[in-house]
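Here are a few notes to read alongside the model. Please keep the structure open as you go through the points.

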Amino acid sequence: MSICNGTLPLIVENPLSKLIAQKPYYFTEYGAAYLGDSLEIMKKIPDSSIDLIVTSPPYALVFKKEYGNVDASEYVKWFMQFAQEFKRILKDSGSIVINIGGSWNRGKPTRSTYQFELIVELAKTFHLAQEFYWYNPAKLPSPAEWVTVRRIRVKDAVELILWLSKDLFPKANNRNVLQPYSKDMQRLIENGYVSKKRPSGHNITPKFQKDNNGSIPPNFLQIGNTDSSSPYLQRCKESGLSPHPARFPKELPQFFIDFLTEPEDLVLDPFCGSNVTGFVAESNRRKWIGIDLVEDYLKGSEFRFPKIYR
Ligand SMILES: C[S@@+](CC[C@H](N)C(=O)[O-])C[C@H]1O[C@@H](n2cnc3c(N)ncnc32)[C@H](O)[C@@H]1O
């Protein structure tokens, strides 16, 4: 329980207090952020209580970021400790969405296979419901040695996103993530279509003419990560806090929260950084838990919310 700083004192309950026996770093109307190692904090979360885990863990990088990254050779073993805990706390109807970038082998113009080794290992514990590809057109060309100096590789601008589940049929509804129809499709709906068999053998029937309020999205998400003027960045600057160096765009958790959860469901990000996931969950009336090891990242993440409580 806590007193907020408004003009009228309000008693506000931590929405997670009954679930996790630990004081959060801060909490909001819908969620709570915890400071510490998520492997330890997840042990305090009861079995089968989470609807969706959506996260971007530290990648196995050759050029490590300031928050520390695990070496590719150790990565699978390191990550599987977290995956075991994910399995325990996830509901049977729940899903896990992991954004995991690729990595180059040290000193060579070749790619690490760590992501693929991780998929094989994770698929022994979970169902691989589907893999997605996130294309970020704003990615800078790197590693410079191979891409911009010797010009023998191209820009690496696609990241893998794994969707895993405990059950064959996790909660999911693609009607919640429909995209606007293309001009061609709008014309087809208006003008009609002559049924015929495509060269591929697919039978295109008049059903394709039906207006279903939008098109079903592909597993290819084009999202530019170009935030340079958000209130989060402005407030970090005003406070002298460095913004998180590897934030994902809000459209990423937004897509999976819409697709895989309903209002009041509980979303966890065990590597939450600047807590984009918590912010999107809060804006969509989903309960949320965010965990990060680095206090400054959680401090900065407070700026995402109009009101936080302690
Ligand atoms: C790729 S960043 C996540 C960024 C986040 N998606 C955002 O948009 O701000 C990975 C985060 O994992 C955190 N981290 C690494 N190991 C951790 C652990 N064992 N427990 C909790 N957080 C951890 C790092 O501090 C870092 O902020």
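1. Let's start with strand β5 (residues 50–55), which pairs with strand β6 (residues 90–100) in the parallel sense over 5 bridges. Two strands count as paired if DSSP finds at least two bridges between them. Strands (E, at least two residues) and helices (H or I, at least four) are DSSP runs, numbered from the N terminus. To find a bridge by eye, look for V54, whose partner in β6 is V97.

2. A word on the source: this is a predicted model, in which local features need pLDDT of at least 70 and side-chain atom pairs count only at pLDDT 80 or more, while totals for chains, interfaces and linings use all residues. Residues are numbered from 1 along each chain as its sequence is written.

3. Where does β5 sit in the sheet? The 9 strands form an open sheet with mixed pairing, in the order β3-β4-β13-β12-β5-β6-β8-β7-β11. At the edges are β3 (26–27) and β11 (220–222), each of which pairs on one side only.

4. L268 in turn has I289 as its bridge partner in β13, and β12 and β13 pair in the parallel sense over 4 bridges.

5. Helix α3 (residues 114–122) lies across β6, β7 (127–135) and β8 (158–165), at about 5° to β8. Such angles run from 0 to 180 degrees between N-to-C directions, with axes fitted to C-alpha atoms, for helices over the stretch in contact.

6. Do have a look at L52, which touches G94, S95, F256, I257, L260, T261, D265 and V267, leaving aside residues up to four places away in sequence. Contact here puts the C-beta atoms, placed from the backbone, within 7 Å.

7. Which way do the residues of β12 point? L266 and L268 point one way, V267 and D269 the other, and all are buried (20 or more other C-beta atoms within 10 Å of their own; exposed is 12 or fewer, partly exposed in between).

8. Finally, the domain assignment, automatic or from a database, gives domain 1 (2–178 + 216–304) and domain 2 (180–215). Their C-alpha centres lie 36 Å apart.

How values were computed: Contact = placed C-beta atoms within 7 Å.
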